Amino acid sequence: MFRYLLTAALALPATPAFANDSIAELGTGGLILSRSDAVAMESEDLYISPEKVTVDYVFRNNTDKDVDAIVAFPMPDIEGDPNEMPAIPDGQSDNFLGFEVTIDGVAAKPQLEQKAFALGIDIGADLKAQNVPFYPFGDAAKAALAKLPQAVADDWVDRGLIIEDTADDGSGMKTVYVPFWQLRSTYWWRSTFPANKAVRVAHRYKPSVGGTSSVSFFYDGQFQGQYAAYKTRYCMDQTFENAIRKAAKGNPDGTPKHFENRIAYILTTGGNWATGTIGKFKLTVDKGDPKNLVSFCGENVRKVGPTRFEMTAENFYPERDIDILLLVPTGGDGSGG
């Protein structure tokens with residue numbers, strides 16, 4: 001198991017975070033190839049920050065014949081639940097992560113496949129029949145649901161496609177229909193890997209950054225709450241815990257004045273290339289601000305700049321996904337106060 005922790009300067013009181021203070025991060029990963037014993041992943045250069053994720057691959061066809069393959073980028077599943085709003089970079093677009101891809105430096109135009117499910121049942125035909133977008137968030141879906149015939153709306157409520165949501169929109173309490181289905185999206189394209197040649201594929205997107213309004217694993221002067229789960233998931237060690245204790249000592253309520261940001265990167269879904277390992281793997285994590293703390297699991301990680309940390313490996317086989325915890329001083333960028 002990887003292990004790495006970096007701590008930085010802490011500031012000072014926040015209140016414990018409860019469930020309704022939390023915004024969930026959406027785990028996102030890299031490219032997946034259709035199964036090929038001919039195409040090897042020569043290298044992968046992965047960069048993760050709160051602002052962007054970039055991945056540069058070099059694939060090599062080591063045979064004497066061209067290989068045609070499907071390359072896919074699975075977007076994270078989205079649950080249309082008004083009570084569990086995830087962190088979505090672009091709330092109005094099917095391409096809600098701003099995904100872009102180039103092949104040997106030329107911008108590609110991948111196809112987008114979308115499917116919608118309610119209670120595990122494909123409801124795409126129902127949505128299409130009523131001109132309702134599959135993407136559950138945004139103004140387009142809201143407007144389409146408002147136009148549903150009453151009989152259709154009643155049927156969809158009974159079947160779990162939508163629910164009634166009552167809230168004050170500023171002009172009084174109103175009840176509207178909101179999506180309750182799951183969206184599954186995948187960008188994909190066909191790619192040719194020429195015989196005995198390398199192909200460079202690069203993609204980028206804006207990550208889903210979850211968070212809480214304060215530190216959810218330390219309050220009232222002690223580790224509690226989600227501490228056990230966080231310790232395992234983010235490899236928090238003694239140095240990190242001492243920094244938390246030090247920050248909390250200066251506050252009357254015994255709570256460090258920070259809030260959490262979380263990024264999840266799914267690294268373990270690949271492996272369909274020849275050998276199943278990555279010839280040369282490089283991970284760069286950028287914490288964004290020198291005052292932030294960052295904790296994540298890694299091996300032989302070294303600091304390469306004021307905010308950047310780097311891990312490299314050869315013949316790398318990913319055994320676990322990458323989970324990054326950022327603690328940002330309250331009043332810093334994105335804190336809201």
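Two strands count as paired if DSSP finds at least two bridges between them. Keep both in mind for what follows.

Some ground rules. This is a predicted model, where local features need pLDDT of at least 70, side-chain atom pairs count only at pLDDT 80 or more, and totals for chains, interfaces and linings use all residues. Residues are numbered from 1 along each chain as its sequence is written, and side-chain values use heavy atoms, with hydrogens and water left out.

Strand 22 runs antiparallel to strand 23, residues 308–316, with two bridges between them. Within that pairing, Arg302 sits opposite Glu310 of strand 23. As a reminder, strands of a sheet pair through backbone hydrogen bonds, either parallel or antiparallel.

Next, strand 19, residues 258–266. Which strands does strand 19 pair with? Take them in turn. Strand 2, residues 28–29, is parallel to strand 19, over two bridges. There, Gly29 has Ile266 as its bridge partner. Strand 16, residues 210–212, is antiparallel to strand 19, over three bridges. Thr212 is opposite Glu260 of strand 19. Strand 24, residues 322–329, is also antiparallel to strand 19, over eight bridges. His258 faces Pro329 of strand 24 across that pairing.

Another run of pairings goes through strand 6, residues 67–74. Strand 3, residues 32–33, joins strand 6 in the antiparallel sense through two bridges. Leu33 has Val71 of strand 6 as its bridge partner. Strand 6 also runs antiparallel to strand 14, with eight bridges. Ala69 stands opposite Ser191 of strand 14.

Stay on strand 14, which spans residues 182–193 and contains Arg184. Is Arg184 buried, exposed or partly exposed? Arg184 is partly exposed, at 38% relative accessible area.

Now helix 4, residues 227–234. Its buried residues are Tyr227, Tyr230 and Tyr234. They cover an arc of only 65 degrees around the axis, taken from the directions from the helix axis to the C-beta atoms, which puts them on the same side of helix 4. Turn to the other side and Ala228, Ala229 and Thr232 are exposed. Just past the end of helix 4, Cys235 has a positive phi of about 55 degrees.

That cysteine leads to the disulfide. The rule is a pair of cysteine sulfur atoms within 2.5 Å. How many disulfides does that rule give? It gives one. Cys235 is joined to Cys297, with S to S at 2.0 Å. The link between Cys235 and Cys297 is right-handed, with 100 degrees about the S-S bond. Cys235 is in the loop between helix 4 and helix 5 (238–249), and Cys297 is in the loop between strand 21 (293–296) and strand 22, so the pair ties together parts that are 62 residues apart in sequence. Both cysteines, Cys235 and Cys297, are buried.

Last, a pocket. On a 1 Å grid over the protein atoms alone, a pocket is an open set of points with protein on both sides within 12 Å along at least five of seven lines, and lining residues have an atom within 4 Å of a point. The second largest pocket holds about 420 Å³ of space, a volume being the space filled by probe spheres set on the points. It is lined by 21 residues, and those closest to its centre are Pro82, Lys142, Asp165, Val176 and Val178. Helix 2 (139–146), strand 12 (162–168) and strand 13 (173–179) are the elements that give two or more residues to this lining. Strand 13 gives the most, with five.

Note on methods. Buried means under 20% relative accessible area, exposed over 50%, partly exposed in between (1.4 Å probe, protein chains only). Helices (H or I, at least four residues) and strands (E, at least two) are DSSP runs, numbered from the N terminus. On a 1 Å grid over the protein atoms alone, a cavity is a set of points where a 1.4 Å probe fits but cannot get out, and a pocket is an open set with protein on both sides within 12 Å along at least five of seven lines; lining residues have an atom within 4 Å of a point.
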